[in-house]
Amino acid sequence: MLNLECFKRSNDLRGERNALASSSVIGVNIDMESLQVQVAQAVHILNHDTQSVNRVAANQWLVQFQNTDAAWEVATTILAMDSSPTIDFEVELFAGQVLKRKIQCDFGNLSREGRAALQNALLVSAKKFSNGPSQLLTQICVALSALVLRATEARKPVEQLFASLNELQGQGTGSNAVLELLTVLPEEALEDQSLLSSVDPGRRTQFSREILSHTGAVLEFLLQQSANEGLDKHNRRSKVLRCLLSWVRLGCFLEIPQSAIPSHPLLGFVYGSLQDPSSFELAVEVLTELVSRHEGLPQVLLPRMLDVKDVLLMPALAAREENVVSGLANLMAELGQAAPALIAQGSREALDLADSLLRCVSFPSCDWEIAESTLQFWCALAEFLLSSADTTAAVQMFTPVYSALLEALIARAQVPDQLGEGGYAEDDLDRASGLPDGLALFRKNLDEPLVDICRLLGPNQFLALLLSGAETWSQFETSTPWRSVEARLFALHMASEVVLSEGQLSDIRPVMHLIIVLQSRSSQIDPNLLHLVQKSAAEVVGSYSGWLQSFPTVVTPLLAFLASGLTVPVAVSSCAAALRKVCEDLPSLSHESSNIAGLLRIGEELHAVPLSLEEEEDVMCAIGRVLSSLTSVADLNAALERLLKPSHDAIEALLSSDSEGSLRLHSTAYSAALEAGIRAVHRIGQLTAALSLPANGDEPILRIIAHFWPLFERLLASRHMEDSSLASATCKSLSQAIQASGRLFSSLLPNIMAAMSNDFLSFQSHVCFLKTAGIAVEEFGQEKEHGALIVETLLVLTSSEAMAAMTTSYSCDQEPELAEAYFGLLSTFVRSCPHEVVAAADTLLEISFNRASICCTAMHRGAALAAMSYMSNFLEVALSAVTSLRGVSSDGSLLAAVTRMCVQCGENVVSGMIYALLGVSAMTRVHKATTILQQISALCYFSGNVDSQSPLNSLTLQGWLVSAVQALPSEYLKPGEVETLVPTWLKAMEAAAGDVYKSKTSLSNGGRASGGGYLQGDGGRMLKRVLRDFADAHRFTAPTYGPS
C-alpha cells in the first residue's frame, strides 16, 4: 500500500526517503480521490522539494502511476475539477501530459466507449482552459489530436471533431481553444513526436486528407481571427500565424484554386505582420514556406520586396537588428532560389532583391549564419545564368552583382579581430583550420559559390578582382590588410580548379613573391594571423604547383617556406600536402643540389617534428619522388644514408629496450621509444613506395632491403609485435616494399612467410600478418618454385587456434576482420598460383572451403562476402580445369583435386548458400550466391557431360539440393515450400549452367563469349530472380549455421 503519511506532512517526507520508491499503485484498489491527492503531492515534491532523494522517489512513483489503468480516470478528473486546494497548474499540466502519453502509447487499452468519453472530456477541458495557461491548453489539444488520429474504428472521427469545434467556437472564449487545436492538428498529422507510436503511415495519410477537406472552413476561421482587434491583438496575431503555418506545411493552399492564392486576404495579413516585431519571425516562416511550395507566389511577392527593403531591411541594417536582417535574408534568398528564371530577367525588382541580399551578406553580424543563408540563392542564380540560351547577355547584366558579391564574401570570410586578441576559447576553434567554428563552416560552404563566381566572371576578371593591390602585399607596409590578404589567398585556392582549367597561364607572381618574403618579415604580423596566412599560402602553392614549371627561380624559396610551415600546428597539414604536390609535379627539382639538400634536411629532422602519420607520409613521398629522379647512384646512396639514419636509430633503440625490461614495465620511456619506432617503420615503407620507379634501376631498393631487412626480421621476432600499431606499421611497410620491387625479395620469401606465420600464431588478433602474407602470395604465387612454401604457410595459418574456431556463423561474427583477411588470403592463393600448386593443396582447400560455406552465412557483410568471393574464385579455377583440353584426370591434376573436393564439400556449399539467403542481410548476398550456384551447377553438368563415370553430374547436384533443403529446420520454410523449392531451383540452376557452357565453349573455339556468362544470360538472370525472391520472402528469418 502507498504510504499516505509521506504526502500528508512534507516535513515528515524528508525522513521517509524510500517511501515513494517502495510504493506502487499497480494492482492496488485505492479510491480515486485519495489517489488524486497523492498525485498532487508527488508532483509538488518532484518540482519543489530540496532533497534530491525525495525528488527521485517522487519521480519513480509518478512513472509507476502513469503505467496504471487508473491514470486515465485520475488525470481526466484532475482536469475537470473546478477548484481544489491540492490541485494547481503544475498538477493539471502533469495530468495533461499523462493523457497525451497514454493516448500515444496505451491507446489500445481503451474501449470504444472510453475513447468517446475521453474525447468529450478533453473538449470540455479545452473549453475550460481556453484562456490559459497556454502550456496546459497545448497539452490538452495535443492529446485530443493524438486521440482523433488513432480513432480509426469510430465513424468519421474528424467530422465529429470539427462539428464539436463549431459548437465550441460559439461558446464565449472557445475560439481560443479552437485556434490552438487547429494549430496542433496538422502537426500531429505531419509528425508524431512519440518514439513509441505505432500509427500506420496509411492512417496518417488518410488523417491528413480528412482534415484538409476542411481547409475552406479553417481559412475562413483564421481570417475572422486575424480581424479580431482585441486587447491582446499582438498575441492573437502570433497565434493565427502559428496556426496558418501548420496548415501551410500540411498543404492547405493546394486545396484551393492556385490562381486565388496571390489575392487571398490571409496573404495580405501575413505580409502586414512583417511590420509587427512580435509576429515578424512567424510571418517570415509562413511566407518562406509559401514561396517554397507555390511557384506562382515569387512573381507576386517580388515587387513587394521593394517596400520590405525600404521599410524594414534598411532601418534594420542601420540599427544592427540582427534578427530582422536574418529573417529578411532567409525570405529573400528563398524567394530568389525558388524562381531563378524570374531573377535572371534582370528587372528593377530583381536587381533590387540582389542588392538587398548583398547588403545582408555584408552585414557585420557576430556569426556567419546570415551570409551563409544566402549562398544557395547565389549558386542557383549563377547556374541558371550559365546555362541560359543567351548566356552572354545574362551574365553581363549580373557581372557587377557577382563582382560585388566576391568582395562581400571575402570580407565575411576574414578572420575576426578577436582571434588575434585571444577573444576565442580553445573549444570555440576548429582544430583543423584554427578558425572559429562558425567561420570554418562558412568557409567550407564557400567552395561552390566561389567556383560559380569564377565561372561567371571568367578566371581573368576573377583574379583581377581577387588580387587587386597584390603588388603591395610583399612591401609589408603597416597598412597591409593581412586579414583580407589571408581571405583572398583562401579564395584563390578554392577557385584553382576553374582558373587552371582555362588553359591559360595566370599571373599570380605577386602572390608567390609574397610567400617567398613572408618568413623574413613575419615579425611584423600578429603570430596567430601569420600562421593562418601560412596555411592559406601553402594551399595556394599546392593548388598551383603546375604553374611553377614556368618560373623555376621561385621553387627553392617556396620549398623553404613549406618546410618552415611544418612546425606550425595550424599550417602543417597544408604545408605537407603542398610539398608532396610540388615534388610530384616538378621532377626537375633534383637538378638543383640546393633542393636536394633542403629536402634531406627536412627528412633528417622529421623524427623530431610532431607530425601525424598522414602528414609524415606526404613529406616522405615528396622526398622519395625527387630522389627517384636522381641519375647518380653515388648521390642517391649518400642521400638515402642520410635520410634513413634516424629511422635506423629509432628501430635499434626500440629493439634494445627489450633487454632493459621496459617492455614489461610499459614505462614512459618505452612508450616514447615505441612511438618513435612506429614512425620510423612508416617512413621506411613510404620511402620505398616512392622509390618504386627510380631512374637508376634496382640499386636504391636493394640498398634499403639490405640495410633494413635484418632490423625488420629482428623486430618481427620480438615481443614488440604484441603492440598492434607497431605490427600494422611493420606489415604495411613490408607490403609496400614487396609491391614496389617484389622480385628483389624473392630470396627472402621463406623468411618473410615464416615471420608472418609465426607472428600470427603468437598474436592471432593481428590480421596484418595475414594481409602481408597475401601481398607476398600475390607477388610470388605465379612462380612454381615457391608453391610448396606458400601451401605450407597456408596450412600453418589454417591450423591456428583462431581459424580452427571458425566453425559457426556466430564465431565468424565475433572476429569479422580475421575472417575477412583469411578468406582474402585464400582468394589470392587460388587466383595467383599455378593450377599444379592449387591441386597440391587439396587438404587445405577442403578445410577452408567448408569454413567458407559457414562464414558466408555470417551477419557481418564483409566477412560473409569475403568467404563467398573465395568460393567463387576457386570454382572459377575449377571450371577452367574442367573446360580446358589440357585437363587430364590423374591423381595429381587439378581436375582430380577439384572433383574430390566438390564431392566432399558440394552439399555444404549448397546448404551455405541457402542459409546465406535467410535473414535481413540476405539481399546484399544474392549476387554472389547466384554466381556460386551457377558455377557449381556448371561444374556438375560439365563433368557429367565430359565423363559419364564422373561422381559430379546433374544427379549429384540434385542430391545436394534435396539434402540441404531437408536439413533445414521446419520453421525456416513456409508450408508447402519444400515441394516447390527443389524443382524451381534445379530448373534455374540448369539454365544458368547452360549460359556458362555456351560462354566457355565459344571462348575455347576462339570466338567471342556467347550465352552471357555469369548472371548476364537468360539462365543467370532467371537464377538470380529466383534467389532474390527467396531472400525477400525470408528476410525475417534469423538462422544460425554450423555445428553447435
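What is the accessible surface of the protein chain, and what share of it belongs to carbon and sulfur atoms? In the predicted model examined here, the accessible surface comes to about 45,200 Å², and carbon and sulfur atoms contribute 50% of that area. The protein chain has 1044 residues, of which 54% are buried. Its secondary structure consists of 55 helices and zero strands. Among the contacts in the chain with a separation of 6 or more, 75% are made by residues 24 or more positions apart.

Two packed helices are described by the angle between their axes and the distance between the axes. For helix 7 (residues 89-106) and helix 8 (residues 112-128), the packing angle is about 145° and the axes are 13 Å apart. This crossing of helix 7 and helix 8 is left-handed. On the side of helix 7, the contact involves Glu92, Leu99 and Ile103, which meet Leu118, Leu122 and Lys128 in helix 8. By class, four residues of this contact are nonpolar and two are charged, with no polar residue present.

The second pair comprises helix 15 (residues 265-273) and helix 18 (residues 304-319), whose axes come within 12 Å and cross at roughly 20°. Because angles under 35 degrees count as roughly parallel, helix 15 and helix 18 are roughly parallel to each other. Their crossing is right-handed. Here Leu267, Gly268 and Tyr271 of helix 15 are in contact with Arg304, Asp307 and Val308 of helix 18. The contact of helix 15 with helix 18 contains three nonpolar residues, one polar residue and two charged residues.

Helix 15 also contains leucine 266. The relative accessibility of leucine 266 is 1%; since buried means under 20% relative accessible area, leucine 266 counts as buried. When residues up to four places away in sequence are not counted, leucine 266 touches Leu219, Leu222, Leu223, Ser226 and Leu244. A further relation between leucine 266 and another part of the chain is given by glutamine 224: the two residues are 42 residues apart along the chain, and their C-alpha atoms are separated by 9.9 Å.

Definitions and conventions
Residues numbered from 1 in each chain as written. Predicted model: local features only at pLDDT ≥ 70, side-chain atom pairs only at ≥ 80, totals over all residues. Heavy atoms only, no water. Axes fitted to C-alpha atoms, helices over the stretch in contact; angles between N-to-C directions. Helix = DSSP H or I, 4+ residues; strand = E, 2+ residues; numbered from the N terminus. Parallel < 35°, antiparallel > 145°, perpendicular 65-115°, else oblique. Left-handed = near helix turned anticlockwise from the far one by under 90°. Contact = heavy atoms within 4.5 Å. Nonpolar A, V, L, I, M, F, W, Y, C, P; charged D, E, K, R; others polar. Buried < 20%, exposed > 50% of the residue type's maximum accessible area, 1.4 Å probe, protein only. Areas by Shrake-Rupley, 256 points an atom, 1.4 Å probe, with all protein chains shown as cover.
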